[in-house]
Amino acid sequence: MAKHLLKGNEAFAEAAIRAGCEGFFGYPITPSTEFLEHMAKRMPELGRAFVQAESEVAAINMVYGAACTGKRAMTASSSPGISLMMEGISYIAGTEVPAVIINVMRGGPGLGNIAPSQGDYFQMVKGGGHGDYFPIVLAPASVQEAIDQIGLAFDLADKYRSIVHVIADGNIGQMMEPAELPPMRELRKEPPDWAVTGARGRKPRFLSSIYIDPVDQEVTDIRLLRRWMEIEKHEVRYKEHFMKDAEIAVIGFGTAGRVASSAVNLAREEGIKVGLFRPITLAPFPKKEVETISRQVKRILVVEMNTGMMLEDITNIVQGRVPVEFYGRLGGVTPFPDEILDEIRRVRNNPSDNSKYAREEWLDRLENIIQGGG
Amino acid sequence: MPAYGWIEVNERFCKGCELCVEACPKDVIGLDMEHLTSKGYHPAMLIAEGCTGCGICAVICPDAAIQVFREIRKKDRVAVAA
Amino acid sequence: MLTKPADAELIYQRPESLSGVATHYCPGCTHGIAHRLVAEVLDEMGIREKTIGVAPVGCSVFAYKYFFSDYVEAAHGRAPAMATGIKRVLPDRTIYTYQGDGDLASIGMAEIMHAAARGENITVIFINNAIYGMTGGQMAPTTLPGMKTTSSPLGRDVELAGFPIRMAEILANMDGAGYIVRRSLHNPANIRKAKKAIRLAFETQERNLGFSMVELLSSCPTNWKLTPNEALKFVGEHMVPVFPLGDYKVIPEIADLKV
């Protein structure tokens, strides 16, 4: 199929439809609303379920209901709406039914703004809702990646009866890029053997997340953990550029990773031996790969659009083997390639003396940049 | 007139709540104070003649513990067949 | 010694749509009556095999154990939203929620209002016993003025805690509603009427005539600190005046239905 100029959110919605989404339940919130609007137009055309719910709370519970029937169900929202969904997400995880959730992250905390950010990393990757559960988290960095990852998200969700978050940010949701949509998939005819569809000709089933006896809950939690360990073994995904002979590794995801990629290209032109490592799955995190990198390079620079969340995971994995530095922009500010190029140059020429923690160093530098009008 | 109804109370379900005792229009139901169910309740039982098989006890029973029986009189059968 | 009449025939037994599990409800709790009526209606309409129930949070959180049909468990208050999700992807199944007064009229107020406004073809069984049972007897949105509960120990003071909410009246105003009635479970005559209402509610769904709800005035002997029979009397004497029984919205096709 040929490439077309596609707008992020609309393309993601269409990708979800082609991946066989049969139920979309959402609520308008910038910068994700175009997803809902595209679904409002297309789902009725295809005879599939669409509801604009009264709130994100209602929306996620509609997803929960539809998911229990074995049909592919999803929602799309942005940071404050995702916060409202956390109870429902925990219920879906505890019931072990599949669901796909798109988070087009925006500036926060609180009402924040509608500009792009990556401030939901902890919330997404560490669970976000209550209890012991482990969602899969995918982080696209372009419209094409998002299209591809949404199809992947549904497949992974069904394969592991798991929640899959696809986290973009306002940049990716709003940008227009040449991209290709996949062909329309055929809908599954038979529901999975755990699905609740009306007990015709079989024993009744029930789906619930209640295990009133702690011993039973423990068995469930172990099952969820074991399943997670399988996912960790088989579903890690990432991309690398120029890492082969790199002495400095820049690590970033989503838009931050993409901007860093431009900076890395420019730095290479200046002869700096720098490479980019970009996780696609933030959960399961590419731990082995980052550990290997930490044995190869002299320094790591983590770039994010938050106060250093993936930074903590990377610091954990690196275990002090090499110094880890940080550069971030906050509150909806997107870094430019030249900022990151400056950072790469600084790391190569004047690396920090590591007397302070990476965040403190970075914050001093950032405040200087901001005061200097950067 | 001899009674022509009968009830059987399933001890697995009866909780001795006494709703049937109060509701019975013939006052023929009571709790069996000599006996406890496995859950520790005194189950309901017929304690006197006069059950008409009206089924009101079963209508009010929260545990669906009561089976109701009734003799279908010959004249009623004829009426039904007609 | 009483003996069973020789020619006595079985004329009433447990409905098939009830599973064989003994319920955990308190002795005399009207939940059991409501469950039995729903099961009898599912039997009579022959729809057990295409029914999916949505259990709430509350005393009936284990409702799925007591019905012999597919069931799911909703988060507190969210059953109408969950039911919406299921009905929209499986429109030919019978979907019903079973909710208490906290679940439906407190935390779930938005979900029930919008399900009715959207005219979702689902059926809601609303158990109104003016108190929160499962959590030990706190005030509910339907608690009567002056009624003592653990969170209104001096009696519900309308100056501070407001007035009880009449859900049947409110939802009847929704254009999407097809059948909204209030009945009571406090004596056999009213229980029989309640069963007929539950039947008509499910018939409303069968015919895609809009959102249906039967509000059932119920008792909570344990938290009201009354015997089961005293509790039923309380419903008749004190709850019925505040929550009048009646038909609040009946779409004409259902009004004309003979069952």
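**Figure 1. The two domains of chain A.** Domain bounds here come from an automatic or database domain assignment, and in this predicted model they divide chain A into domain 1, residues 4–234, and domain 2, residues 239–371. The centres of domain 1 of chain A and domain 2 of chain A, taken over C-alpha atoms, are separated by 29 Å. Where these domains meet, the contact takes 27 residues from domain 1 of chain A and 21 residues from domain 2 of chain A. On the side of domain 1 of chain A that touches domain 2 of chain A, the elements that give two or more residues are helix 5 (121–125), strand 6 (136–138), strand 7 (163–169), helix 7 (170–174) and helix 8 (214–234) of chain A. Sorted by class, this side of domain 1 of chain A has 16 nonpolar, eight polar and three charged residues.

**Figure 2. Chain A as a whole.** The secondary structure of chain A comes to 13 helices and 15 strands. Its radius of gyration is 21 Å, close to the 21 Å that the globule rule gives for 374 residues, so chain A is as compact as a globular protein of that length. Along its principal axes, the C-alpha trace of chain A spans about 70 × 50 × 40 Å. Of the 374 residues of chain A, 51% count as buried. If one takes the contacts in chain A with a separation of 6 or more, residues 24 or more positions apart account for 79% of them.

**Figure 3. The contact between chain C and chain A.** Here 28 residues of chain C are in contact with 34 residues of chain A. Four elements of chain C, namely strand 2 (51–55), strand 3 (70–73), helix 3 (79–89) and helix 5 (109–117), each supply at least two residues of the side of chain C that touches chain A. Helix 3 of chain C gives the largest share of that side, eight residues. By class, the side of chain C that touches chain A has 15 nonpolar, five polar and eight charged residues.

**Figure 4. A sheet with strands from chain A and chain C.** Strands of a sheet pair through backbone hydrogen bonds, either parallel or antiparallel. In this view, strand 9 of chain A (residues 206–207) runs parallel to strand 3 of chain C, and two bridges join them; Val72(C), in strand 3 of chain C, is the bridge partner of Leu207(A). These two strands belong to an open sheet of eight strands with mixed pairing, whose order is 9(A)-3(C)-2(C)-4(C)-5(C)-7(C)-6(C)-8(C). Its edge strands, each of which pairs on one side only, are strand 9 of chain A and strand 8 (246–250) of chain C.

Figure 5. Helix 8 of chain C (residues 188–206) packs on the eight-stranded sheet, where it touches strand 4 (94–100), strand 5 (123–128), strand 6 (177–184) and strand 7 (211–217) of chain C. The direction of helix 8 of chain C makes about 165 degrees with that of strand 6 of chain C. Lys196(C) has its place in this helix. Although Lys196(C) and Val259(C) are 63 residues apart in sequence, they are 8.3 Å apart in space, C-alpha to C-alpha.

Figure 6. Chain B has three helices and four strands, which follow the pattern β-α-β-β-α-β-α when read along the sequence. Buried residues make up 44% of the 82 residues in chain B, and among its contacts between residues at least 6 apart in sequence, 65% join residues at least 24 apart. Toward chain C, 31 residues of chain B are in contact with 29 residues of chain C. Strand 1 (5–9), helix 1 (19–23), helix 2 (56–60) and strand 4 (66–71) of chain B each supply at least two residues of the side of chain B that touches chain C, and the largest share of that side, five residues, comes from strand 4 of chain B. By class, the side of chain B that touches chain C has 18 nonpolar, five polar and eight charged residues. Strand 4 of chain B is also joined by four bridges to strand 1 of chain C (residues 8–12), and these two strands run antiparallel. Within this pairing, the bridge partner of Val68(B) is Tyr12(C), in strand 1 of chain C.

Technical notes. Residues numbered from 1 in each chain as written. Chains lettered and ligands numbered in written order. Predicted model: local features only at pLDDT ≥ 70, side-chain atom pairs only at ≥ 80, totals over all residues. Contact = placed C-beta atoms within 7 Å. Nonpolar A, V, L, I, M, F, W, Y, C, P; charged D, E, K, R; others polar. Pairing = 2+ DSSP bridges. Axes fitted to C-alpha atoms, helices over the stretch in contact; angles between N-to-C directions. Rg over C-alpha atoms; globule rule 2.2 N^0.38 Å. Buried ≥ 20, exposed ≤ 12 C-beta atoms within 10 Å, placed from the backbone.
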